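The sequence and the structure come first, and the text follows.

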Amino acid sequence: MTIRLNGQEYALPCDPVPLPDLLRELGLEGRPVLVEHNGVALHPREIAVALVREADVIEMVQLAAGG
């Protein structure tokens with residue numbers, strides 16, 4: 001299946017894919033990230049149960065501290 005991830009096409013092996021699996025694949029598991037799924041910002045507890053499906057649009061931003 002193909003999704004749009006941060007403005008680029010991204011291929012995934014099956015449909016649906018749990019969002020935590022996508023985060024793991026991207027090396028973001030356990031890191032602070034903001035996720036927007038089809039235009040809706042997800043609360044961290046929603047990330048844990050969200051499913052990514054064909055043609056979904058995902059925007060992710062990894063949070064970083066600094067000054």
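The model is a predicted one.

**Overall shape and packing**

The C-alpha trace of the protein chain spans about 40 × 25 × 20 Å along its principal axes. The radius of gyration of the protein chain is 12 Å, which agrees with the value near 11 Å that a compact globule of 67 residues would have. Contacts in the protein chain between residues at least 6 apart in sequence include 60% that join residues at least 24 apart.

**Surface and charge**

Of the 67 residues in the protein chain, 28% count as buried. The accessible surface of the protein chain is about 4300 Å², and carbon and sulfur atoms account for 54% of that surface. The protein chain carries 5 positive and 10 negative side chains. The centres of these two sets lie 6 Å apart.

**Salt bridges**

Side chains of opposite charge can pair when their charged atoms come close. How many salt bridges does a search of the whole structure find? The search finds two. R24 takes part in one with D21 and in another with E29. The table gives the distance between the closest N and O atoms in each pair.

| Salt bridge | Closest N and O atoms |
|---|---|
| R24 with D21 | 2.8 Å |
| R24 with E29 | 3.1 Å |

Salt bridges with shared partners join D21, R24 and E29 into one network.

R24 and D21 both belong to helix α1, which covers residues 19-25. Because R24 and D21 are three residues apart in this helix, about one helical turn separates them.

The class of each residue follows from two cut-offs: buried means under 20% relative accessible area, and exposed means over 50%.

In short, R24 forms a salt bridge with D21 and a salt bridge with E29, and these residues form one network.

Definitions and conventions: Residues are numbered from 1 along each chain as its sequence is written. This is a predicted model: local features need pLDDT of at least 70, side-chain atom pairs count only at pLDDT 80 or more; totals for chains, interfaces and linings use all residues. Side-chain values use heavy atoms; hydrogens and water are left out. The radius of gyration is taken over C-alpha atoms; the globule rule is 2.2 Å times the number of residues to the power 0.38. Buried means under 20% relative accessible area, exposed over 50%, partly exposed in between (1.4 Å probe, protein chains only). Contact means heavy atoms within 4.5 Å. Accessible areas come from the Shrake-Rupley method with a 1.4 Å probe; for residues, only the protein chains shown count as cover. Lys and Arg count as positive and Asp and Glu as negative; His and the chain ends are not counted. The place of a charge is taken as NZ of Lys, CZ of Arg, CG of Asp or CD of Glu. A salt bridge is a side-chain nitrogen of Lys or Arg within 4 Å of a carboxyl oxygen of Asp or Glu. Helices (H or I, at least four residues) and strands (E, at least two) are DSSP runs, numbered from the N terminus.
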